[in-house]
Each structure stands twice: as structure tokens, then as C-alpha cells.
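Reader: Hi! I'm new to this one, could you walk me through it?

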Amino acid sequence: MTPTPESTLNVGVDMPGGRMASLGVRFPVMVAPMVGISHVAFRAMLRRYAPKGLDPIIFTEMLSTRRLPSERLETTAELRCTEGEKSGAELFVPQLLGNEERFITPSIAKLSALRPWGYDINMGCPATHVLKHNWGVRLMGEPKYAADVVRLVRACTDRPVSVKMRGGSDKICDLNYLDEFTQALEEGGADWLTIHARTREQGHEGRADWQLVSEIAKRRKVAVVANGDIQTSADAVSILRDFGVDGVMVARAATVRPWILWQIAEDLGWQESPMGREGERAPRSRAEESAEFFRACLFLIDELDHHFNDRPEDALKKFSFFAATGSRWFMFGHAFWAVTKKAKSIGHLRELIEDYRDRFDHPLKERII
Ligand SMILES: Cc1cc2nc3c(=O)[nH]c(=O)nc-3n(C[C@H](O)[C@H](O)[C@H](O)COP(=O)(O)O)c2cc1C
């Protein structure tokens, strides 16, 4: 594994994140893979909230290795990247779904042209079509087999390789099993591991077991990152400082407060603001966050327009799905989502959002559970 040279600079503050730093990571805060959400426009919108000097690692949505070899980098929506990503300046990680050498090897050969910072293997998805192929969380059922999948990916690249998994594949998060499983992945050559500390049966509901991630972090040599239920900057900072993990991965909260990256950096002592927001502090009060949400929506619309202007209907669907995911954090979120469904074009969507912003109160809840 080769760290990116420019990412090994001294951060200048006492940034937590221990073993991620040894991979050259300056900011141990990542944004999770989310199907239908983690496309190029969303990643570009999120980076507008990254303070100067800190580039977050942002995942793509999961990519099927069965399909990748025959897909075209220029036209496939899920493979579109920013110029910064393609130049290696912006860190992104494609997430791979699969288990077979004949598909994984050509998939990585193809993706390498996009210069990803690393590669992740999905071992957490519980969808039926994924389980049918023994991908996703099914791989958690057999440590040796899962480790062989890591070996396959490891053999294809000198970039960091990670695995994103659940706390348990069955009804309980079992520490002993997770210990055995993560040890096998480590031996298979994984450079770091992300644990979504919920079971397969929990889906995305209920509290995540951060203590479990903490226990695994103590037992592993490689970096361990916590995911699940990180809804506020206070959550992220507490997990980093009190649970001894090496990084945090935010998922749905990034659809409702994408400036969480800015808040976390600020709470960790980083002084810089994002580009274009010099001298400003991250939004914090209910009113500031509600106003910022509409700004984020308009940023996302601009990016959708830029990256998907050849597929306007797809762009509208992507926005609507983003709104649906975040709407749970809003009072009357459903009404907002319903408005986004009425848009006939990107220009119309912009008008609808501005109109909604000017006419309605849109209070954002701190947490949903
Ligand atoms: C709409 C949606 C799509 C998701 N797609 C993926 C995916 O492609 N790969 C993956 O590993 N996890 C996926 N997840 C799971 C998230 O990455 C994350 O593990 C989960 O939402 C828990 O984090 P949270 O509680 O902070 O949202 C998805 C979640 C959502 C809500």
C-alpha cells in the first residue's frame, strides 16, 4: 500500500485517528457508500463543506464487479468522477461488491484509471439480490472465504484496501465472532476496517453498538473505523476521543447536514473554513442549520446539473432520493420531499426549493432516535 505523498503532511492540530494517519490520512472522517446517493454530484457538494487543508475520504455507492468490466468510465453514471478525483487530489474510494477473481481483477484494472485513493469491499449489504450471489453481509458467514476475497483485491492494487462490514450477520453482534472475522481480514491483507455496528436484522434502525467497535479496535493491528448512528458532530468527536477508534464514517446524517464535516473539523480544533466561507464558523443553531440546508440543496442541484446534464430525469430522481433520505430529520420532511417530486426540470427544481425556503419554516431535529 502506498500513501499519497501530499496527504502525509503534518495536520498541525492534535487530530485523533491514530492508525489512519499511518495510511497518510489527515482527516479521519469519512462519508459512507450509499446507493443512489454517493454519486459524483453528492461527493462534490460535500467537499464544498470540507475545511481548507482537510480532504475527507468519500465512498462511491457499491459497484457490482460483475458489471464493471463491461461498463464505460465516460458514460456509466456511477463511475463519473470530479476532475479533482481523477487527478488524485480529492480522495474517493470505490466500494466493490463481489467475490470472484474473474470479475474483481478486471474491475480494479478499469477503476484504477480513475485514481481512487483506495478500494473497499462490501461485506455488509443485506439486500436479497446481493445475498443470492454470496456477496455483502453473506461474506461475514465464513472468515476464511472472506479473507480470500480480501487477498484477491490486495493482489490487484498497491492502494489501501478496506472492508466495510456489520457488527453481526445474525441477530446479535457477537464480539468473539467479530474478533475472529476481523483477524482473518487483517491476515488477508486489509489495511483498515469499517464496522457498521448494527446487525443485519437491524437494517439501519436502532442504536449502533460503538462499544463493540471499540473492543475490536483494541484487538486489531489495522485501523478500525466506526459507522452507524453518527448523527451529530458531538457523536463523531465522542467516538473518536472516548471509544479509541481510528476514524468515523458518517452516512445518512451527511444527507441532512453535509456541513457536519466542517463542524467536526472545527470541534477537533481545525481553524480553517471551507473555500469561499473564510472567516465564518460552521452553522450550529437550529436557524443557521435550517438555512444552510437550502444552500446545500442548491449546491447539489448545481452539481447535478454539471455532472448529469445529459440525463436530466436521472438528476431529478437523484435529488429526490437525497431529499427522502434526509427528510426524517425534518419536521414536515415528507412535505418537503413531496415538493421535490413535482420538479419537471433542474431549473424548476431550483425554483421549487427557493420557494419552499422562502415560505416555510424547516426546523431540523438534532437526532431521530
Ligand atoms: C440509501 C442507503 C444506501 C446505502 N448503500 C450502501 C452501500 O452501497 N454500501 C454499503 O456498504 N452501505 C450502504 N448503506 C449503509 C450505510 O453506508 C451505513 O452503513 C448505514 O446507513 C449506517 O450508518 P448511519 O446510521 O450513519 O446512516 C446504505 C444506506 C442507505 C441509507
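Predicted model: local features only at pLDDT ≥ 70, side-chain atom pairs only at ≥ 80, totals over all residues.

Reader: Thanks! How many helices and strands are there in the protein?
Author: There are 15 helices and eight strands, taken as DSSP runs numbered from the N terminus (helices: H or I, at least four residues; strands: E, at least two).

Reader: And what domains is the protein divided into?
Author: Domain 1 covers 5-267 and domain 2 covers 286-359, with bounds from an automatic or database domain assignment.

Reader: How many residues does each give to the contact?
Author: Domain 1 gives 17 residues and domain 2 gives 17 residues; two residues are in contact if their C-beta atoms, placed from the backbone, lie within 7 Å.

Reader: Which helix gives the most to the side of domain 1 that touches domain 2?
Author: That's H2, with five residues.

Reader: New topic: which residues are closest to the ligand?
Author: Ala32, Met34, Met62, Ala251 and Arg252, out of 24 residues that surround the ligand. A residue counts as near if its C-beta atom, placed from the backbone, lies within 6 Å.

Reader: Last one: what share of the protein is buried?
Author: Buried residues make up 50% of the 369 residues. Buried means that 20 or more other C-beta atoms lie within 10 Å of the residue's own, with C-beta atoms placed from the backbone.

Key:
Residues numbered from 1 in each chain as written. Buried ≥ 20, exposed ≤ 12 C-beta atoms within 10 Å, placed from the backbone.
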